[in-house]
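Please walk me through this structure one feature at a time. I would like the general idea before each case.

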Amino acid sequence: MKKVLLGTTALVAAGLLAQPALASDPIKLQVKGYYQNLVTFSDVDEPAGSTANYKDAQFRHEGEVFFQGSTKLDNGLTVGFDAQLEIVNIGLSGGQPRDMDETYMYFSGGFGKLQLGAENGAAYLLHVGVPSVGLGFDDRNFGVAAANGGHGRPNISGDTAKGTYMTPNMGGFQAGISYSPNIDHQALSGNGFGVMTVGTGSTEDVVGLGLKYSGKFGGASLAVSGGYETGDTVGVSNADPEVWSLGLNVGFGGFTVGASYAESENYASGGNFTAGLDAEVMALGLAYKTGPWGVSAGYQKTDYEIAGATASGSADEYELAASYQLGAGVQLRGGLIHADMDLNTQPDTTTLFLGTFLSF
């Protein structure tokens, strides 16, 4: 599969070289982004014998600024880039600065879209998650999450450097394939060609596949997705991570009902890898929107088990939420989240949240 993606990259490059140099507008820069600010109040059911000091009230925030640009060449090819600057969660992660998030360029046209750089893979980008007007369950910036419970959305490679090809949307269908040589944090310019090493226990050659269909039928809408991602773990037998997922949304008369299911092996949420860890994640959601108002209810069930070990557990997470659109790019969200954790070290938590979500 990686040969297919590498071959596609070569064909696009050859097509670029074959085109004559023609006049076109320079790349035009746009600045977009988001900022989210929450006040939360939590009631924590402390495990027996715990001496932890839990703080009930908290102020939380998260945001990014996107620098985006593109130009359309006279031969019809669009060339663009996207660089996303973290404005809250900065510092070090894996020894690398976290002031930048996804950063990539792309070529798009009648052939589809080819992305090169640090961005999530095809299985992640084409995933259909359950609807929510609150914080939701997929890649939440805030909220309780089952630490060892796999992931409802394939994301083994994360946003490490990769190549991704997306087909054109054909009758509502779109497919994609991604290839990441390795997923260790990489210096952007500090390594010479051919000197990158992959150590024992690291994951390399990650391949992801995604397929999505979306369409409308009279007053109803349908979105369905399937994703798969796997990689090779160096020097460790029976430890190759693998995730597959399904997602479904059906919309009618302001309502959207959705469900998703995922199974994973040797993989835990947050990009962690554990040999023998099998997990299942199932989520259900219902949302209703009318005018500036929205309400939703969601449930997620996580089960995991580590082969040959006593460590296993489950988590039930519930969310009730409401939203109100104050104006363009300004939205209020509030709700209640309850997490019932059967994970030994993680406490049950009930959290009330109220926040302002800005997009620009």
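The dialogue below goes from the whole chain to single residues.

Q: What kind of model is this, and how are residues numbered?
A: This is a predicted model, in which local features need pLDDT of at least 70 and side-chain atom pairs count only at pLDDT 80 or more, while totals for chains, interfaces and linings use all residues. Residues are numbered from 1 along each chain as its sequence is written, and side-chain values use heavy atoms, with hydrogens and water left out.

Q: How many helices and strands does the chain have?
A: Helices (H or I, at least four residues) and strands (E, at least two) are DSSP runs, numbered from the N terminus. Here there are two helices and 18 strands.

Q: What share of the residues counts as buried?
A: Buried means under 20% relative accessible area, exposed over 50%, and partly exposed in between (1.4 Å probe, protein chains only). Of the 360 residues in the chain, 41% are buried.

Q: Which residues form the largest nonpolar core?
A: A nonpolar core is a set of buried Ala, Val, Leu, Ile, Met, Phe, Trp, Tyr and Cys residues joined through side-chain atoms within 4.5 Å. The largest one has eight residues: Leu38, Val133, Leu135, Phe142, Ala321, Ile337, Phe353 and Phe357. Apart from it lies another core of six residues, including Val79, Phe107, Tyr165 and Ile177.

Q: Where is Leu332, and is Leu332 buried or partly exposed?
A: Leu332 sits in strand β17 (residues 330–342). Leu332 is partly exposed, because its relative accessible area is 33%.

Q: Which residues is Leu332 in contact with?
A: Contact means heavy atoms within 4.5 Å. Leaving aside neighbours within four places in sequence, Leu332 is in contact with Ala322, Ser323, Tyr324, Leu326, Gly355 and Thr356.

Q: How many aromatic pairs does the structure hold?
A: Rings of Phe, Tyr and Trp (its six-membered ring) pair if their centres lie within 6.5 Å; planes under 30 degrees apart count as stacked, over 60 as edge-to-face and the rest as tilted. The structure holds seven such pairs. The pair of Trp293 and Tyr324 is tilted, because the planes are at 55°, with ring centres 4.6 Å apart. Trp293 lies in strand β15 (residues 293–306) and Tyr324 in strand β16 (residues 312–327), so the pair ties together parts 31 residues apart in sequence.
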